[in-house]
Amino acid sequence: MDLVFDQQHVWHPYTSTLNPLPCYPVESAQGVYLKLEDGREIIDGMSSWWSTIHGYNHPALNEAAKSQLDKMSHVMFGGITHEPAVELCRKLVDITPEPLQHVFLADSGSVAVEVSLKMALQYWHAKGERRPKFLTVKHGYHGDTFAAMSVTDPNNSMHSLYKGFLPEHIFAQSPNCGFFDEWDESDIEDFKHKLACHHQEVAAVILEPIVQGAGGMRIYHPTFLSRVRELCDEYGILLIADEIATGFGRTGKMFACEHAGINPDIMCVGKALTGGYMTLSATLTTKHVANTVCSGEAGCFMHGPTFMGNPLACAVANASLDILMQGHWLEQVKSIENQLSETLPEIAKLGGVKDVRWLGAIGVVELHEPVDMASIQKAFVDSGVWIRPFGTLVYIMPPFIIKPQELSQLTSAIKLTLE
Ligand SMILES: *Cc1c(COP(=O)(O)O)cnc(C)c1O
C-alpha cells in the first residue's frame with residue numbers, strides 16, 4: 001500500500017495536512033481481529049466506532065450482501081419500494097419503543113440527526129408556532145453536519161469557529177450523576193431552569209440517552225433521562241433520542257432509553273444498524289408527529305436522499321438484526337460488562353488516571369492529561385490491540401463476540417501502556 005500517497009493526499013478523520021500522523025494499513029479483518037499489511041493481527045477494541053457488533057467478515061452478513069448484490073444493489077426510493085427496506089422498517093418498528101411507528105431511512109448518523117431536527121421544526125410549523133431553538137446538554141455529540149454540529153458540545157465542535165453561520169441553541173449542564181451512583185435531584189436543576197426560561201421557543205430536546213459518546217464518554221443516571229421525559233411532557237416539547245451509538249444492545253439494553261423506561265417522540269439509529277458493514281441510518285417517529293408534519297404547508301416531510309433505503313445496506317441490516325433477535329447479545333454484553341467491572345477498578349489505581357467507568361460493552365478510562373496520540377497508538381498496536389483514544393479518554397467498545405481472554409488483552413494493553 002502506498003502510505004506516502006496516503007499521507008500526502010488522503011484526508012483521514014480530523015487530521016491535518018500539515019502534520020499528518022501515520023496510518024496503519026489494514027489488509028483484511030476477521031472476527032475481532034484486524035490484519036495489518038505486515039501480517040500482524042490486532043484485536044479491535046473499537047468495533048470500528050461502535051458499529052461492528054458481530055465481528056468482521058461474518059458469514060451471515062456476507063451472504064446477505066452477496067445474495068442482494070445479485071438481485072439489485074440499488075434502486076431509487078421515490079415511488080419505488082423493495083423487500084429489504086420494507087423488512088428492515090418492520091423490524092425497526094418491532095424492536096423500538098411501541099409509539100415509534102414511522103421510519104425514515106437515511107445515509108449516515110449525522111443525516112439521521114438532521115432529519116430528526118427537521119421533523120421537529122416541521123411539526124411546530126404545521127401547528128402554526130415559531131419554535132427555532134433546540135435544547136440539549138453539554139458534552140453531547142450528534143454528528144459533523146451543520147445542524148447536528150449546532151447541538152453538539154460547543155467546545156468540542158468549535159462553535160466559535162462557525163459563529164454567524166451555526167444556529168445558536170441552548171445548552172444545559174450535562175448530567176453529573178453516574179449510572180451506578182445514587183440519584184441526586186440537583187442534577188436536573190439547570191436543565192429544568194433552561195426549559196422553564198425558553199420552553200416557548202424550543203421545538204425539541206435532543207440528547208444521547210444514558211451514554212454521551214464522542215463528546216466525553218460520560219455514562220449518566222437513568223433518572224436524569226426520565227426527568228427529561230417528564231419535563232418535555234409538562235411543556236409539550238418533543239424529545240429526540242440519539243441512539244446512534246447506544247442502540248442495538250451496546251449498553252446492555254436493546255436501546256438505552258429502556259434503562260429509564262421512557263419513549264422518545266423521535267429516535268435516531270445508525271452505526272451498528274448494518275453490523276458495521278456499510279453506512280445506513282434511520283429516524284423513527286410516532287404517528288402523531290408524522291401526521292402533524294404532513295398536515296403542514298409542505299404536505300410532506302421535506303427530505304429524500306439519493307441513496308435512501310439502499311437495498312444492499314438494508315439487506316445486511318436485516319441479517320444483522322436477525323442475529324440480534326436470536327438474543328445471544330444479552331449474555332455477551334453482560335459478560336463483557338462483568339469483566340470490565342472487575343478489571344477497570346484495577347486500572348483506576350494507576351497514576352494519571354482520573355476515573356474509570358463502564359456500562360454494557362463500553363469501558364472508559366479517563367486520564368488527567370491528554371494522551372500523546374502517535375506514541376500511544378504505536379504502543380497499543382505493538383501490544384496487539386486497536387484502541388483509538390481521544391484527548392484524555394482511552395475507551396473500548398469491542399464487538400459483542402469478543403472472548404474473555406481477548407477482552408483481557410485489551411484491558412491489559414491499556415494497563416501496560418498507561419504504566
Ligand atoms: C457517530 C454519531 C453520530 C454521527 O453519525 P455519523 O454516521 O458519523 O454521521 C451522531 N450521533 C451520535 C450519538 C454518534 O455517536
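Domain bounds, as used here, come from an automatic or database domain assignment. The model is predicted, so that local features need pLDDT of at least 70 and side-chain atom pairs count only at pLDDT 80 or more, while totals for chains, interfaces and linings use all residues. Residues are numbered from 1 along each chain as its sequence is written, and side-chain values use heavy atoms, with hydrogens and water left out.

The assignment gives domain 1 (3-58 + 328-418) and domain 2 (72-326), whose C-alpha centres lie 26 Å apart. To their contact (heavy atoms within 4.5 Å), domain 1 brings 27 residues and domain 2 brings 29 residues. The two domains bury about 2,500 Å² between them, with 67% of it on carbon and sulfur atoms; buried area is the accessible area (1.4 Å probe) that two parts lose on being put together, summed over both. On the side of domain 1, Trp50, Trp329 and Leu359 lose the most area to domain 2, together 31% of what that side buries. Zero salt bridges are found across this interface, where the rule asks for a side-chain nitrogen of Lys or Arg within 4 Å of a carboxyl oxygen of Asp or Glu.

| Residue | Ligand atom | Distance |
|---|---|---|
| Ser110 | oxygen | 2.6 Å |
| Asp242 | nitrogen | 2.7 Å |
| Lys271 | oxygen | 2.5 Å |

The protein covers 82% of the 380 Å² of accessible area that the ligand has on its own, by the Shrake-Rupley method with a 1.4 Å probe.

Technical notes: A polar contact is a pair of N or O atoms within 3.5 Å; within protein, one must be able to donate a hydrogen and the other to accept it, and residues adjacent in sequence count only if both atoms are side-chain atoms.
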